[in-house]
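Biologist: I would like to go through the pockets of this protein. Please show the structure before we start.

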Amino acid sequence: QTANAVVARRVYQLLRKHFSDLTIEIVVRKTVKLKKQTLYVLRIKDEQKLFLKQIHFFDGSNFLFSIPKEYEKNESMLIPYTQGLFLGTGSINNLQLSSYHLEISFAQEEHADDVMASLIPFDILFKKVKRRKAYLLYIKDSTMIGDFLAFVRAIKARFAFEDVRISRDMMNSMNRLINCEVANEQKSQKATEQQINNIEFVQMK
């Protein structure tokens, strides 16, 4: 399930393209929490275990919570795998409102560790933290977030991110320069006032 209609539509299209024999049901739900939102649920009506086995989430008897070995050193397979992870449980914050932060959520720590290790050769260095019952991989470095978006081939998103980052960095630099100039002006003014006071004190003697 997802709250993003675009993601739901894309997943549905991919399922219909690559698994045309599947019977897929689309359900739309409204949450009743404080922040009401619409959830789009894709249900596979039959052959669920066969489907999970084909996408390497089931081995015939147990569910798998690690990256298939053949994906780890094969970039052409690791990229779409990571794309799916980010679309399914990943997020990036609103860059206009707060600091840089990208994260992917995992139910199993083993899965998170596998993904984190598999991306190290591409200089994408996640950090890990446990939050409630989930394990989060996250990046706060702006350059590395851009690298991750490029790795998963989210080119438009990467350009949009870089535009915001450059604008924010320029604005921050300007603010720092202005603050420095104001501070220097205040120091100069205080020094001048002190000199005037000293001169007046000498003249009075």
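**Pockets and their linings**

Modeller: This is a predicted model. Helix 4 gives the largest share of the lining of the largest pocket, 10 residues.

Biologist: What is the volume of the largest pocket?

Modeller: The volume is about 1,800 Å³. The lining has 46 residues, and the closest to the centre are V11, F57, G84, L85 and G88. Elements that give two or more residues to this lining are helix 1 (5-18), strand 2 (38-44), helix 2 (48-54), helix 4 (75-89), strand 4 (102-106) and helix 7 (155-204).

Biologist: What makes a residue such as V11 part of the lining?

Modeller: A lining residue has an atom within 4 Å of a point of the pocket. V11 is among the residues that line the largest pocket, so it has such an atom.

Biologist: How do the residues of that lining divide by class?

Modeller: There are 33 nonpolar, 12 polar and one charged.

Biologist: And what is the volume of the second largest pocket?

Modeller: That volume is about 510 Å³. Among its 14 lining residues, T2, L87, G88, T89 and G90 are the closest to the centre. Helix 1, helix 4, strand 3 (90-92) and strand 4 each give two or more residues to the lining, and the largest share, four residues, comes from helix 4.

Biologist: Which classes are found in the lining of the second largest pocket?

Modeller: Its lining has four nonpolar, eight polar and two charged residues.

Notes
Residues numbered from 1 in each chain as written. Predicted model: local features only at pLDDT ≥ 70, side-chain atom pairs only at ≥ 80, totals over all residues. Heavy atoms only, no water. 1 Å grid on protein atoms, 1.4 Å probe; cavity = no way out; pocket = protein on both sides within 12 Å on 5 of 7 lines; lining within 4 Å. Points joined across faces, edges and corners; volume = space filled by probe spheres on them. Nonpolar A, V, L, I, M, F, W, Y, C, P; charged D, E, K, R; others polar.
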